[in-house]
Structures are given as structure tokens and as C-alpha cells.
Amino acid sequence: MSSTVVTGIGELVTCDGTGADGLGVQTDAAVVVQDGLVAWLGPQAGAPAADRRLDVGGRAVLPGFVDSHAHLVFAGDRGAEFAARMAGTPYDGGGIGVSVAATRAAGDDELRALLAARVAEMRAQGTTTVEVKSGYGLTVEDEVRALRIARELTAETTFLGAHVVPGEYADDRAAYVDLVTGPMLEAAAPYARWVDVFCEPHSAHAFTADEARAVLTAGRAAGLGLRVHGNQLGPGPGVQLAVELGAASVDHCTFLSTADVDALADAADTTVATLLPGVEFSTRSPYPDAAALLRAGVSIALATDCNPGTCYSSSMPFVIALAVREMGLTPGQAVYAATAGSARSLRRDDVGRLAVGARADLTVLEAPSHVHLSYRAGVPIARALELEA
Ligand SMILES: [Zn+2]
């Protein structure tokens with residue numbers, strides 16, 4: 001396979017942990033790519049020769065965004081629910097059932113095409129790694145189907161049979177938990193890297209702490225890594241459960257107690273707090289104080305939660321801009337959280353940073369600096385750099 005040298009990088013953000021906000025910025029840099037990996041990076045004047053040369057004309061280059069929380073395998077439309085919510089109808093998780101019905105009714109090829117279009121939409125905005133959850137099937141067959149299709153496009157697949165209790169089990173929750181932790185898990189595990197649960201006592205559709213513990217411990221026994229939807233709609237047990245069980249990530253963290261923050265700080269080497277400000281935006285909820293979490297020593301990540309109900313945005317630049325404007329992060333901190341931070345929440349060190357041996361997932365900006373991601377909010381300046389001719 002041929003090598004490519006990317007030259008003319010006005011600002012190269014490596015996210016190597018050094019310098020301001022850990023961004024490891026180099027100026028007037030070049031990157032040599034071979035076999036899909038970074039073979040060399042440094043000052044352009046010292047760049048070795050390569051088979052091809054691609055000049056980016058002074059633009060900024062950074063690691064492709066890592067969207068570590070997304071629900072992309074679904075059919076149907078819930079625009080009317082969003083409009084109703086903006087007119088004052090509160091969110092309680094019940095709308096997920098609408099997507100479940102539409103997704104069950106869709107054919108494999110329809111779901112595959114919908115997923116591919118959403119992943120392409122992300123890539124066009126600079127996202128090069130995406131985690132994809134099941135959770136709109138909620139039968140053994142439909143959950144396995146979602147994961148099998150997702151696996152065709154990403155290694156980061158997450159079994160979320162415990163998204164909500166489906167309507168047909170509303171009067172027998174225990175039977176549904178038995179299904180999720182038994183036959184459904186057994187069938188889904190070969191197609192999943194992670195297991196996740198919507199642990200939320202403030203939603204009648206979601207799972208209690210005890211139910212969530214059963215789902216997570218069964219998933220762990222099946223060899224899956226752990227992720228948790230927690231503390232989204234109000235204070236709750238999700239964060240403490242995630243930390244106790246050594247989950248890689250607890251996501252949302254909208255409502256945190258002091259004890260939750262302390263627990264996350266103590267577990268910073270293990271459990272990442274993944275913040276999803278697109279959800280706060282789309283549900284008119286208060287934003288968590290990301291700057292306070294960083295000061296406390298918590299490991300944070302940013303992701304979209306792209307889903308048909310509470311945030312139908314696939315845009316990591318939008319998330320970065322929200323994190324800066326509404327959650328107190330500097331532009332650099334937000335970029336780090338959306339790359340190295342979210343890679344960490346997936347326990348990956350080959351993405352989310354640029355170093356020799358890492359994947360050559362490069363995102364280029366129509367701008368001279370990463371600051372423009374939040375400075376030029378809403379402007380489509382980021383895209384994955386296509387290295388193949
Ligand atoms: Zn989610």
C-alpha cells in the first residue's frame with residue numbers, strides 16, 4: 001500500500017496530552033500515513049518522502065472525532081414529538097416506543113441504508129469513530145438484527161436491550177429483565193463489544209438500580225464491557241452503580257450530587273463521564289457543569305447521543321460549541337473531550353489522538369485553528385480527510 005504525506009498543516013492538534021488543554025499543538029506540520037496508520041508526524045521541514053502528497057493549504061488538522069454514544073439503527077420520524085416538547089410537553093422516555101414500533105416494521109435493507117446514511121453524515125462532519133447501540137428492537141431477533149447491521153460499519157457496538165421496558169412487558173418487568181439478561185444477551189453478545197442500560201428512576205419506562213445491576217453484571221459475565229445511561233432526568237443511582245462496577249463510561253450526568261462527582265473523580269482512571277449536551281439542548285434541560293467536573297479531576301468525554309427522540313443531531317462540532325457556550329469548557333478542552341476523552345470512554349488509544357502507530361483518522365477544518373469549531377458554531381467547517389485518491 002502506498003504512503004501519503006499530508007503537508008501544509010497550519011495547526012496540527014495531536015491530543016497527545018502535552019501543552020495547553022493537552023492538545024499537543026504543532027504548527028507548520030506534516031503527517032505521513034502508511035497502511036492507514038500514522039507513520040510519522042512533525043515539522044513539515046523534516047518530513048520524509050512519500051508516494052503521494054496532499055497539501056491542505058494551511059488548514060487545521062485534528063484527530064477525527066470519536067462519537068462514543070449514538071443510537072443510529074432506527075426507522076420512523078419523531079419530529080412532531082420534538083415540536084410538542086418545545087411547546088411544553090415534558091420528556092419521560094415514552095417516545096422510544098414509537099421508534100421501536102417503526103424499527104421492528106422496517107426491513108433489513110432499509111435499516112442498513114438508514115444507518116449508512118447517518119454514519120456518512122457524521123463522517124462529513126469530521127467523525128471517524130462511532131459507537132452504535134441497539135435498543136429499538138427489544139426482542140431477541142430485533143436486537144440481534146440491529147447489532148449485526150451495526151457491526152458491518154463499526155467495531156463499537158453496544159447491546160442496549162435494556163433501553164426501555166417494551167409495552168408488552170409493562171405489567172411484568174421482571175420477565176423482561178430475565179429476557180434481557182438471558183436469551184437476548186446470549187444471542188446479542190457475539191455482535192456486541194459493550195452492554196448498556198438506561199438506569200433512570202425518573203422514567204417509568206427505564207430501569208431501576210437493581211434491574212440495571214442485573215443487566216450489567218450479566219453483560220460482564222458474557223464478556224462485554226459496561227456503559228450506563230445515568231442521571232439524565234434527575235439525581236439517581238446510575239453514576240454510583242457505574243463506578244462500583246467499573247464501567248468504562250456513564251453517560252448524560254446531567255444531575256450530579258457532590259458524592260457523584262467525588263466518586264467519578266476517584267474513578268477517573270476507570271470510568272469516564274460522557275456528557276451529551278445535544279440532549280440538554282433538545283430537551284431544554286439544564287446543562288451539567290463540565291468545567292467543575294474537570295476541576296474536580298473527573299475524566300470527561302463529549303458525544304452526540306444522536307437518536308430520534310432527545311437529540312437528532314449527528315454533529316460533534318455542534319456538541320463542541322454547546323460544551324463551550326453552555327458547559328464552561330474552553331475550546332481546547334472541548335476538542336480534547338470529543339477526541340481523546342471519548343476514545344478513552346471506549347478504552348481505545350489508537351483513535352482520538354495522532355501519534356506514530358495510531359490510526360490515521362484525520363479531520364480537516366476550513367479554518368486555521370481548532371478554536372473555530374466553537375467560534376464558528378453552526379458553520380460546516382469540519383470533515384474527515386479522505387486520503388485515498
Ligand atoms: Zn443514549
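Student: His 69 and His 229: are they buried or exposed?
Tutor: Both His 69 and His 229 are buried, where buried stands for under 20% relative accessible area, exposed for over 50% and partly exposed for what is in between, using a 1.4 Å probe and protein chains only. This is a predicted model, in which local features need pLDDT of at least 70 and side-chain atom pairs count only at pLDDT 80 or more, while totals for chains, interfaces and linings use all residues. Residues are numbered from 1 along each chain as its sequence is written, and side-chain values use heavy atoms, with hydrogens and water left out.

Student: Ok, and which protein donors does the zinc ion have?
Tutor: The zinc ion has His 69 (NE2), His 71 (NE2), His 229 (NE2) and Asp 305 (OD) as its protein donors, at 2.0 to 2.3 Å. A donor here is an N, O or S atom within 2.8 Å of the metal (3.2 Å for Na, K and Ca), and water is not among the atoms, so sites may look incomplete. Along the chain, the spacing of these donors is H-x1-H-x157-H-x75-D.

Student: Why does the pair His 69 and His 229 tie together parts that are 160 residues apart in sequence?
Tutor: His 69 sits in the loop between β6 (65–67) and α1 (79–86), whereas His 229 belongs to strand β11 (residues 225–230), so the pair joins parts of the chain 160 residues apart in sequence. The helices (H or I, at least four residues) and strands (E, at least two) are DSSP runs, numbered from the N terminus.

Student: What sort of site is it, going by the angles among the four donor atoms of the zinc ion?
Tutor: The site is irregular, since the angles among the four donor atoms run from 79 to 169°.

Student: Switching to helices, how do α4 and α5 pack?
Tutor: The axes of α4 and α5 are 9 Å apart and the angle between the two helices is about 40°, which makes α4 oblique to α5. The contact involves Val 140, Glu 143, Val 144 and Leu 147 of α4 together with Leu 179, Pro 183, Met 184, Ala 187 and Ala 188 of α5. Axes are lines fitted to C-alpha atoms, for helices over the stretch in contact, with angles running from 0 to 180 degrees between N-to-C directions. Angles under 35 degrees count as roughly parallel, over 145 as roughly antiparallel, 65 to 115 as roughly perpendicular, and the rest as oblique. Contact means heavy atoms within 4.5 Å.

Student: And at what angle do α5 and α6 cross?
Tutor: Helix α5 (residues 173–188) and α6 cross at roughly 10°, with axes that come within 10 Å, and α5 and α6 are therefore roughly parallel to each other. Arg 173, Val 177, Val 180, Thr 181 and Leu 185 in α5 meet Glu 211, Ala 214, Val 215, Ala 218 and Gly 219 in α6.

Student: Then where do α6 and α7 meet?
Tutor: On α6 the residues are Ala 209, Ala 212, Arg 213, Leu 216, Thr 217 and Arg 220, and on α7 they are Leu 241, Glu 244 and Leu 245. The axes of α6 (residues 209–221) and α7 (residues 238–245) come within 11 Å and cross at roughly 25°, so these two helices are roughly parallel as well.

Student: New topic: what does Arg 151 touch?
Tutor: Leaving aside neighbours within four places in sequence, Arg 151 is in contact with Thr 157, Pro 190, Tyr 191, Ala 192 and Arg 193. Arg 151 lies in helix α4 (residues 140–151) and is partly exposed, with a relative accessible area of 33%.

Student: What about Ser 282, is that buried or exposed?
Tutor: Ser 282 is buried, at a relative accessible area of 8%, and its place is in helix α9 (residues 277–283). Not counting residues up to four places away in sequence, Ser 282 touches Phe 82, Arg 85, Met 86, Thr 310 and Cys 311.

Student: Last one: what is phi of Asp 28?
Tutor: Phi of Asp 28 is near 50°, a positive value in a residue other than glycine. Asp 28 is in strand β2 (residues 26–34) and is exposed, with a relative accessible area of 55%. Arg 347 also has a positive phi, near 55°, but Arg 347 is in the loop between α12 and β15 and is partly exposed at 44% relative accessible area.

Definitions and conventions. Four donors count as tetrahedral if all angles lie between 85 and 135 degrees; four count as square planar and six as octahedral if opposite donors are over 155 degrees apart and all others between 65 and 115; anything else is irregular.
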